[in-house]
Amino acid sequence: MRPYSYVRASDINGAIATLAEAPNAAYLAGGTNLVDLMKLGVETPDVLVDVRRLTSDRVEDLDDGGLRIGAAVPNNDLAADRKIRTRYPALAQALLAGASGQLRNLATTGGNLLQRTRCVYWQDTTTPCNKREPGSGCSAIEGHNKNHAILGASEHCVATHPSDMAVAMAALDAFVNVHGPGGERRIPVEELHRLPGDEPQRDTNLEHGELITSVDLPPLEFLANSKYRKVRERASYAFALVSVAAALEVEDGIVRDSRISLGGVAHKPWRATRAEEALRGGPANEANFHAAADIELEGAEPLRDNAFKVPLARNIITRTLLELSEER
Ligand SMILES: Cc1cc2nc3c(=O)[nH]c(=O)nc-3n(C[C@H](O)[C@H](O)[C@H](O)COP(=O)(O)OP(=O)(O)OC[C@H]3O[C@@H](n4cnc5c(N)ncnc54)[C@H](O)[C@@H]3O)c2cc1C
Ligand code: SF4
């Protein structure tokens, strides 16, 4: 057993200072991901700084009409929030599509965003993995890679990002508020996570010690016409093979605006900006939705076991947009 110490900081600045002094310390929220990885020997922090009581556990109104979600809001509370369900339904649906009821009671907004990949080789310390041990190689590229990336991967890592919630937040143009040793900053969720490039050990653009304090949702009315669809191997308790979060604004049969983001296909929630661009100003019909999905997926580079993700992604983008256009 590896010894580690547990610290409950009294305020945000104290927590940040503790991490700044300890390069191998980590924040602990619900622990549903971090503690599992510590048991597997994948994560080996020597200090855990409990941040669950330091940030807000409320969903609050913002002056601009948007909503602020405290980093400590449990996933189930967020999914049940009336304003979230009515104004940002894709987010509530994404949360309820993840994990199990018990896990969602413990899991927090901050922790969910920063959960690590479910690549089986990353979780198995007996196999080479560039994310766990840079330079050791990637076992997935020639191994079992059904669940891996088809977009934006690199020769160093083909892992996918696992969070359903983050995919919805990326589509909803959410911002993450962060406090760190260098002060406060605000990052679009879309830019929080990274593609692997030649540094697959880095999942996000956060610096060591930066603490997520909240997430802001914008006051865009058409986000109320949004949906999350997830395809997985079991009806519950399984991560996405492919998922889509989409919002659509249609007027007189013409697409005025859209937001589309994909899960299960890349090292980060994949914002489908090329499809969004292709849709703008065109007819809201199946042929156009299909064509826009094809444009987004042109750059897909499937691995041996996951070519099925390309038609699957195309079909769920098309189906979800079609439903959103019919419901309006
Ligand atoms: C069996 C099982 C099935 C699951 N299925 C799904 C699924 O289908 N879809 C899905 O999306 N998820 C799924 N999950 C993952 C689950 O959603 C995450 O474990 C959970 O959201 C993590 O939240 P947490 O608060 O427990 O984070 P923790 O485990 O406490 O922390 C996770 C990471 O975030 C960091 N961290 C936590 N809070 C902050 C903060 N405020 N600022 C900076 N860093 C922070 C920690 O240091 C750690 O690195 C599943 C998990 C399990 C165990
Ligand atoms: S895909 Fe990434 S996480 Fe998985 S084995 Fe390769 S380097 Fe490691």
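Predicted model: local features only at pLDDT ≥ 70, side-chain atom pairs only at ≥ 80, totals over all residues.

The dialogue below turns from cavities to pockets and then to sheets.

Q: How many cavities does a search of the whole structure find?
A: On a 1 Å grid over the protein atoms alone, a cavity is a set of points where a 1.4 Å probe fits but cannot get out, whereas a pocket is an open set with protein on both sides within 12 Å along at least five of seven lines, and lining residues have an atom within 4 Å of a point. Grid points are joined across faces, edges and corners, and a volume is the space filled by probe spheres set on the points. Here the search finds two cavities of 30 Å³ or more. The largest cavity holds about 90 Å³ of space, and 17 residues line this cavity, with Cys119, Cys129, Cys138, Cys157 and Ala159 closest to its centre.

Q: Where does ligand 2 sit?
A: A molecule sits in a cavity or pocket if more than half of its atoms lie within 2 Å of its grid points; by that criterion ligand 2 sits in the largest cavity. Around ligand 2 there are 14 residues, the closest being Cys119, Cys129, Cys138, Cys157 and Val158, where a residue is near if one of its heavy atoms lies within 4 Å.

Q: Which classes of residue make up the shell around ligand 2?
A: Ala, Val, Leu, Ile, Met, Phe, Trp, Tyr, Cys and Pro count as nonpolar, Asp, Glu, Lys and Arg as charged, and the others, Gly among them, as polar. The shell around ligand 2 has nine nonpolar, four polar and one charged residues, and the lining of the largest cavity has 10 nonpolar, six polar and one charged.

Q: Which residues line the second largest cavity?
A: The lining includes Lys131, His161, His193, Asp203 and His267, and it divides into one nonpolar, six polar and three charged residues. The volume of the second largest cavity is about 60 Å³.

Q: What volume has the second largest pocket?
A: The volume of this pocket is about 470 Å³. Its lining comprises 28 residues, of which Arg118, Asn147, Thr160, Phe239 and Ala240 lie nearest its centre.

Q: What order do the strands of the open sheet of five strands have?
A: Strands of a sheet pair through backbone hydrogen bonds, either parallel or antiparallel. Strands (E, at least two residues) are DSSP runs numbered from the N terminus, and two strands pair if DSSP finds at least two bridges between them. In this sheet the order is 4-5-8-6-7, with antiparallel pairing, and the edge strands, each pairing on one side only, are strand 4 (59-61) and strand 7 (183-188).

Q: How many bridges join strand 6 to strand 7?
A: Strand 6 (residues 175-180) is joined to strand 7 by six bridges, and the two form a hairpin with two residues between them. Phe175 stands opposite Pro188 in strand 7.

Technical notes
Residues numbered from 1 in each chain as written. Chains lettered and ligands numbered in written order. Heavy atoms only, no water. Helix = DSSP H or I, 4+ residues; strand = E, 2+ residues; numbered from the N terminus.
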